[in-house]
Amino acid sequence: MPVTRPGRRPAVLLAYAAFVLVGLSAGVGGVLLPAQIDDYGIDKATIGITFFTFSAGFLLAGITTGGLIDRLGTRTALAVGGGAFVLAALYTALRPPFLALVAVQVLAGYGIGVLESVLNAYLSELPGATTLLNRLHAFFGVGALLAPALAAWMLRSLPWTAVWLVLALAGLPLVLGFLWAYPGRRGPEHGPAPTAADGPVAVDGPPPGGAGPPDRPGGGGLLRAALRQPAVVLAAVFLAVYVGLEISVGNWGFSLLVDGYDQSTVLAGYAVSGYWLGLTAGRFLISPLATRAGLTPAATSAGCLLGVTASALLAWAVPVAAVASVALVLLGFFLGPLFPTAMAMVPRLTASRLVPTAIGVLNGVSVIGGAVFPWLAGVVAQGVGVWTLLPFALVLAVGQLGIWWRLTRRVAPG
């Protein structure tokens, strides 16, 4: 179990609370879409524009987070991200014109992206980072699981804008907490070095697999230096494929069970909920168990990747609804730790000064995979059949294995 210093405990707890809010904001979207479509008198394709503007803001956050932390420090960077989200949520709660709703999603995506990147970067350099980051992302799952029920309950008597008002009000104390609990700018020596609690870490200077950063680069120099690291690029591609697989199965799994296996909508809904519950449980359980067993983060992820591949193969090879439902839950369970564990390994892939920028890049690029692969899965399903989701998921799972094998060869040796 990781030992968190008493002075850091409030910051860690605030990070968990922030990720519950991030999960809530992500989870309410699907429930609010029908109400927004009716309110604005638009179709599904038109409301989908908001997905792209949100993703643009999220990507912008990912590529600028390193420079933001370098110039302003962790405390102010979190306040900027939290403040951007609160402002976007408050404006959305005012029921703006549709074009303004589309535009404000850039600000919302930027705020969420900054919060995710900064908190991942902060926890990645604490003792027991792998377990801490798995818990962090598990709390995202908690928020995402609670959100649909909360939004549906509120919509029984309130307009959809009230949900966004609640999210904005929930974000305000978090911004104040960031200003109280988190450190400011790093000193000239960039603050404390990354911890070795999860294994050997890279030190300042030439990191494994690439050239070291220039002396005192600015925000743009940090980004260029991070992108010149082959290990960082590989990790970003890995997470893009991971998020693509996660969201593809989450978005199209229900259609697969209903249209491909003739399962009832109720049972299919339970199965998809089980998939997300499995993903959350995997983040809470697998890392602590692996730590007790003496497994490294790299070995844990390799085992999970094999579990993901086997689950996808099982669902495809045995065309029975009950087997597919169980396989989806297992798939979610083994997928769960992969994203946070990859984040925890970033300090072993690059120099300490580049860690926040590298994590921002990973976080930002992941949203591209989360947009492209589910869209591609839908196009293939539309043209060939929804049964293609399972071989599609299997291909992505095998691709993850190959990328991970190449990535671990660039990790600082233990």
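The dialogue below asks how the labels for this predicted model follow from its values.

Biologist: What are the ground rules for this model?

Modeller: The model is predicted, so local features need pLDDT of at least 70 and side-chain atom pairs count only at pLDDT 80 or more, while totals for chains, interfaces and linings use all residues. Numbering starts from 1 along each chain as its sequence is written, and side-chain values use heavy atoms, with hydrogens and water left out.

Biologist: How many helices and strands are there in the chain?

Modeller: The chain has 14 helices and zero strands. Helices are DSSP runs of H or I with at least four residues, strands are runs of E with at least two, and both are numbered from the N terminus.

Biologist: What share of the chain is buried?

Modeller: Of the 414 residues, 56% are buried. Buried means under 20% relative accessible area, exposed means over 50%, and partly exposed lies in between (1.4 Å probe, protein chains only). The accessible surface of the chain is about 16900 Å², and 71% of that belongs to carbon and sulfur atoms. Such areas come from the Shrake-Rupley method with a 1.4 Å probe; for residues, only the protein chains shown count as cover.

Biologist: Why does glycine 109 count as buried?

Modeller: Its relative accessibility is 0%. The limit is under 20%, so glycine 109 counts as buried. Glycine 109 sits in helix α4, residues 98–124.

Biologist: What is glycine 109 in contact with, neighbours within four places in sequence left aside?

Modeller: Phe54, Gly57 and Phe58. Contact means heavy atoms within 4.5 Å. Between glycine 109 and phenylalanine 58, the C-alpha to C-alpha distance is 4.4 Å, although they are 51 residues apart in sequence.

Biologist: And glutamine 36: what makes it buried?

Modeller: Glutamine 36 has a relative accessible area of 9%. That value is under 20%, so the residue is buried. Glutamine 36 belongs to helix α1, residues 9–40. Residues up to four places away in sequence aside, glutamine 36 touches Ile47, Trp160 and Trp164.

Biologist: Why is threonine 291 called partly exposed?

Modeller: Threonine 291, in helix α9, has 42% relative accessibility. That falls between 20% and 50%, so threonine 291 is partly exposed. Threonine 291 and threonine 130 are 161 residues apart in sequence and 9.2 Å apart in space, C-alpha to C-alpha.

Biologist: What about arginine 95: why is it partly exposed?

Modeller: Arginine 95 has 36% relative accessibility, so it too lies in the band between 20% and 50%. Arginine 95 is in the loop between α3 (49–93) and α4. Its phi is positive, about 55 degrees, although arginine 95 is not a glycine.

Biologist: Why does aspartate 262 count as exposed?

Modeller: Its relative accessibility is 69%, over the 50% mark, so aspartate 262 counts as exposed. Aspartate 262 is found in the loop between α8 and α9. Aspartate 262 is not a glycine, yet has a positive phi of about 55 degrees.

Biologist: Now the helix pairs. Why are α10 and α14 called roughly antiparallel?

Modeller: Helix α10 (residues 297–317) and helix α14 (residues 389–408) pack at about 165 degrees, with axes 9 Å apart. Axes are lines fitted to C-alpha atoms, for helices over the stretch in contact, and angles run from 0 to 180 degrees between N-to-C directions. Under 35 degrees counts as roughly parallel, over 145 as roughly antiparallel, 65 to 115 as roughly perpendicular, and the rest as oblique. The α10 and α14 angle is over 145, so the pair is roughly antiparallel.

Biologist: Which residue classes make up the contact of α10 with α14?

Modeller: There are 17 nonpolar, four polar and no charged residues. Ala, Val, Leu, Ile, Met, Phe, Trp, Tyr, Cys and Pro count as nonpolar, Asp, Glu, Lys and Arg as charged, and the others, Gly among them, as polar.

Biologist: What makes α9 and α11 roughly parallel?

Modeller: Helix α9 (residues 265–292) and helix α11 (residues 321–335) pack at about 30 degrees, with axes 6 Å apart. That angle is under 35 degrees, so α9 and α11 are roughly parallel. Their contact divides into eleven nonpolar, five polar and no charged residues.

Biologist: How do α8 and α14 cross?

Modeller: The axes of helix α8 (residues 230–261) and α14 come within 9 Å and cross at roughly 165 degrees. That is over 145, so α8 is roughly antiparallel to α14. The contact of α8 with α14 holds 21 nonpolar, four polar and one charged.
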